[in-house]
Amino acid sequence: MKKLTIATTQYGLTDICTEEEFWTGIDTKVRDAAEQGASMIVFPEYMTAHLLSLEPSMLHDEACYFLHGLTDKYIEFFGELSRECDIAIQAGTHICLEEEGEYSNKAFLFFPNGRVETQSKVHLTPEEQIRWPLVAGDELNVFDTEWGKMAILTCYDIEFPELARVAALRGAELLLCPSYTDNSSGYHRVRHCAQARAIENQLFVVLSGLVGALSEDRPQVDIGFCQAGVFTPCDLPFAADGILQVGETNENMTVLAELDFHRLRENRELGAVAPFYDRRPDLYEHEHQKTLL
């Protein structure tokens with residue numbers, strides 16, 4: 001089983017003057033990560049919404065229409081960059097039109113061989129349900145890679161243990177969590193849940209996020225709070241706090257870590273506790289049925 005050197009980003013919402021500046025900044029981050037030996041890089045949720053800063057302030061439905069218009073360029077750009085740099089790119093999330101007037105918040109993972117895996121956000125936040133014209137995803141994509149099975153749980157999705165458990169039961173040993181949180185409490189909800197999912201399912205979780213602020217407010221994305229990180233079970237052979245690597249809070253930077261899946265197997269076989277294997281699903285189902293009576 002291969003080790004995976006993975007990069008996760010704290011993507012800075014700095015002021016940009018042109019669209020080309022946006023794409024060039026991403027290109028630089030990807031190439032820098034590849035030069036440091038990363039085989040995969042993870043970008044945040046709503047990253048392409050940074051481009052809204054170049055336009056007059058929009059309503060949410062107008063913003064979705066504008067962002068969807070960039071979809072072809074988004075797919076072409078990341079597909080070519082992945083091939084050129086020989087690195088898998090989890091390109092954050094992008095707004096895509098699904099049906100007339102309805103959009104998804106969709107994560108894309110581009111591979112150097114041209115393969116693309118996608119995952120629409122399954123759980124929409126109250127704001128996304130009320131203000132955005134978004135529809136929730138209705139399936140979980142657990143996919144094979146050269147490093148093993150993985151899945152993408154976008155931001156709020158990581159706060160639902162059922163979804164991560166389904167991914168783990170289907171063989172996922174790595175969860176990618178592109179996120180966007182605009183304050184400390186939102187970030188810590190996602191961060192603590194990411195670490196909880198790593199503990200209870202005995203797997204790796206990689207978190208990315210937006211940081212910084214735009215000089216002019218935009219109702220969709222204007223400020224970010226994050227400390228990106230790579231998390232493990234809080235058990236041998238990993239660190240006691242379950243932190244493999246984290247960045248400096250709210251700094252525009254990239255964090256690299258090596259994921260050793262042999263060590264993950266060691267944890268599952270020889271750890272002090274085995275929460276993934278010591279589950280009692282029959283009891284849970286019985287107790288659940290009692291609540292329905």
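**Note on strand pairing and helix packing**

1. Strand S1 (residues 4-12) and strand S13 (residues 253-259) are paired in the antiparallel sense, with seven bridges between them. Within this pairing, Thr8 has Val255 of S13 standing opposite. The model is a predicted one, and the points below should be read with that in mind.

2. Strand S1 also has a parallel neighbour, strand S2, to which it is joined by three bridges, and here Ile6 is placed opposite Met40 in S2. Eight of the nine residues of S1 are buried, so the strand is largely enclosed by the rest of the structure.

3. Strand S2 (residues 40-42) and S3 run parallel and are joined by three bridges. S3 itself, covering residues 88-99, is mostly covered, with nine of its 12 residues buried.

4. On to strand S4 (residues 102-110): S3 and S4 run antiparallel and are joined by eight bridges, and one of the pairs is formed by Thr93 with Ala107 in S4. The two strands form a hairpin with two residues between them, and Gly101, which lies in the turn, has a positive phi of about 80°.

5. Thr48 deserves a separate look: is this residue buried or exposed? Its relative accessibility is 2%, and because of that value Thr48 counts as buried, although the residue lies in a loop, the one between S2 and helix H2 (60-68). Leaving aside residues up to four places away in sequence, Thr48 touches Phe22, Leu67, Tyr74, Thr93 and His94. Thr93 is also the residue whose bridge partner in S4 is Ala107.

6. Helix H1 (residues 19-35) packs with helix H3 (residues 71-85) at an angle of about 25°, and the axes are 11 Å apart. Angles under 35 degrees count as roughly parallel, and therefore H1 is described as roughly parallel to H3. The crossing of H1 past H3 is right-handed. On the H1 side the contact is made by Glu19, Trp23, Ile26, Asp27, Val30, Arg31 and Ala34, and on the H3 side by Lys73, Tyr74, Phe77, Phe78, Leu81, Glu84 and Cys85. Sorted by class, this contact has nine nonpolar and five charged residues, with no polar ones.

7. Helix H5 (residues 161-169) and helix H6 (residues 184-201) have axes that come within 10 Å and cross at roughly 40°, which means that H5 is oblique to H6. H5, too, passes its partner H6 in a right-handed crossing. Pro161, Ala164, Arg165 and Ala168 of H5 make the contact with Arg197, Glu200 and Asn201 of H6. By class, the residues of this contact are three nonpolar, one polar and three charged.

8. Finally, strand S7 (residues 148-152) and strand S8 run parallel, with four bridges joining them, and Ile152 is found opposite Leu176 in S8. How many of the seven residues of S8 (residues 172-178) are buried? The count is seven of seven, and the strand is accordingly described as mostly covered.

Terms used: Residues are numbered from 1 along each chain as its sequence is written. This is a predicted model: local features need pLDDT of at least 70, side-chain atom pairs count only at pLDDT 80 or more; totals for chains, interfaces and linings use all residues. Side-chain values use heavy atoms; hydrogens and water are left out. Buried means under 20% relative accessible area, exposed over 50%, partly exposed in between (1.4 Å probe, protein chains only). Two strands pair if DSSP finds at least two bridges between them. Axes are lines fitted to C-alpha atoms, for helices over the stretch in contact, and angles run from 0 to 180 degrees between N-to-C directions. Angles under 35 degrees count as roughly parallel, over 145 as roughly antiparallel, 65 to 115 as roughly perpendicular and the rest as oblique. A crossing is left-handed if the near helix is turned anticlockwise from the far one by less than a right angle, and right-handed if clockwise. Contact means heavy atoms within 4.5 Å. Ala, Val, Leu, Ile, Met, Phe, Trp, Tyr, Cys and Pro count as nonpolar, Asp, Glu, Lys and Arg as charged, and the others, Gly among them, as polar.
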